[in-house]
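Notebook open, model loaded. I want to go through the side-chain contacts one by one and jot down what turns up.

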Amino acid sequence: DDSKEPDQAKRGGTWHQATNSLRLILCNRSDLKCKASNDNTVFFAIIHRKFPNYLDLPLRYERYFMVWSATPPFSLLGISKHPILMTNETASGWAESENWSDDPVNVETVEKYQKQHHVRSLSNGTNSTNAWSMEPYGGKEFWAYFTYTVSIAYAWGRGDHEEVWDKNVGYLDDEVVLAIGIDDKGQGFARAKAADLVQCLRACPGRSEKDVE
């Protein structure tokens, strides 16, 4: 319920389907004991939560992974607890310093900037300048206004005798390729293990945490 959301930036979001779905077997391809069955197979896909700016234009698309049963009635099992960003992806609505605050390369760059410009950070409650709250602050900048995911697919080359009809079926240790739109004018791609994409899920109503592990 957006009306109860304390963060103003989180209000007004709407959910949208983003990508196709893939079938996922919940064990590793490298595990010779792993056999696909109805009990260990699910579907997953990406959905977006879209946030508008004051002109009602897209400000940010937050990426969530949704998992549901591969057998009728295809019950929804879980959804990402938090929006998912790729390693070097930025999110509109937050300053550059907030996007890159935990990036080691950015931290090093900012420290050099502070030394060169004699900028002091806040410490012990003093009123000195805090470079992390200033823009520009000498660190990384946005490389895109907003990004969104348009499709997902398993990477090629996962086996010696892989057939075309196997392309939509994968295991936890298989790589997934995400096709990402950039500012409605460009595109990029990201690769990640399927296990990493679905590792942190919130169980949907009626499901226990055990169901989605």
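I started with R29 and D174, whose side chains meet in a salt bridge at 2.9 Å, N to O. The rule I used for a salt bridge is a side-chain nitrogen of Lys or Arg within 4 Å of a carboxyl oxygen of Asp or Glu. This pair links distant parts of the chain, 145 residues apart: R29 is in the loop between β2 (22-25) and β3, and D174 is in the loop between β7 (169-171) and β8 (175-182). Helices here are DSSP runs of H or I with at least four residues, strands are runs of E with at least two, and numbering goes from the N terminus.

Before going on, a note on ground rules: this is a predicted model, in which local features need pLDDT of at least 70 and side-chain atom pairs count only at pLDDT 80 or more, while totals for chains, interfaces and linings use all residues. Residues are numbered from 1 along each chain as its sequence is written, and side-chain values use heavy atoms, with hydrogens and water left out.

Buried or exposed? I checked both partners with these cut-offs: buried is under 20% relative accessible area, exposed is over 50%, and partly exposed is in between (1.4 Å probe, protein chains only). D174 is buried at 4%, and R29 is partly exposed at 33%.

How many salt bridges does the rule give? The count is 6. I looked up E175 and R191 as well, where the closest N and O atoms are 2.4 Å apart. That pair also links distant parts of the chain, with E175 in strand β8 and R191 in strand β9 (residues 186-193), 16 residues apart. E175 is partly exposed at 27%, whereas R191 is exposed at 54%.

Then I went to E108 and K112, a salt bridge with its closest N and O atoms 3.6 Å apart. They are 4 residues apart in helix α2 (residues 104-116), so about one helical turn separates them. E108 is partly exposed at 43%, and K112 is partly exposed at 48%.

Next, the cysteines. The count comes to 1 disulfide (a pair of cysteine sulfur atoms within 2.5 Å). C27 and C34 form it, with their sulfur atoms 1.6 Å apart, and both residues are buried. I also noted C200, which is partly exposed at 36%.

On to the rings. I used ring centres within 6.5 Å for an aromatic pair of Phe, Tyr or Trp (its six-membered ring), with planes under 30 degrees apart as stacked, over 60 as edge-to-face and the rest as tilted. The whole structure has 7 such pairs. One of them is F146 with Y148, tilted, 5.8 Å centre to centre and 35 degrees between the planes. F146 is buried at 10%, and Y148 is buried at 16%. F44, F65 and Y154 form one aromatic cluster.

I also looked for charges over rings (NZ of Lys or CZ of Arg within 6 Å of the ring centre and within 35 degrees of the ring normal). The charged end of K167 sits over the ring of W156, 3.5 Å from its centre. For K140 over W100, I noted 4.6 Å to the ring centre.

Last, the overall tally: I have 3 helices and 10 strands, running β-β-β-β-β-α-α-β-β-β-β-α-β from the N terminus. Of the 213 residues in the protein, 39% are buried.
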